[in-house]
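I set out to record what I looked up in this structure. The entries follow in the order in which I made them.

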Amino acid sequence: MTLWRKSSRSASTANCVEVAHLPARVVAARDSKNPAPTITFPASSWARFLRAQ
């Protein structure tokens, strides 16, 4: 089972992004209103994205 987490920056208007850490150092992202498809990133790329300002 995959544990999806909703972004703390998601609006209360249901515009939500969810992310999950998957095996093999991969991070998946999806729209909570339309959970398929997902987009995946190497964990290192996701970490760089989060550090970007």
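I count two strands as paired if DSSP finds at least two bridges between them. Strands (E, at least two residues) and helices (H or I, at least four) are DSSP runs, numbered from the N terminus. The model is predicted, so I noted that local features need pLDDT of at least 70, side-chain atom pairs count only at pLDDT 80 or more, and totals for chains, interfaces and linings use all residues. Residues are numbered from 1 along each chain as its sequence is written, and side-chain values use heavy atoms, with hydrogens and water left out.

Entry, strands. I looked up the partner of Ala 29 and found that Ile 39 in S4 is its bridge partner. S3 and S4 (residues 34-42) are antiparallel, with five bridges. Two residues lie between S3 and S4 in this hairpin.

Entry, core. I took a nonpolar core as a set of buried Ala, Val, Leu, Ile, Met, Phe, Trp, Tyr and Cys residues joined through side-chain atoms within 4.5 Å. Buried means under 20% relative accessible area, exposed over 50%, and partly exposed in between (1.4 Å probe, protein chains only). The largest such core has five residues: Val 19, Val 27, Ala 29, Ala 43 and Trp 46. Strand S3 (26-31) and helix H1 (43-51) are the elements that give two or more residues to this core.

Entry, accessibility. I asked how Trp 46 and Phe 41 are classed: Trp 46 counts as buried because its relative accessibility is 14%, and Phe 41 counts as partly exposed because its value is 28%.
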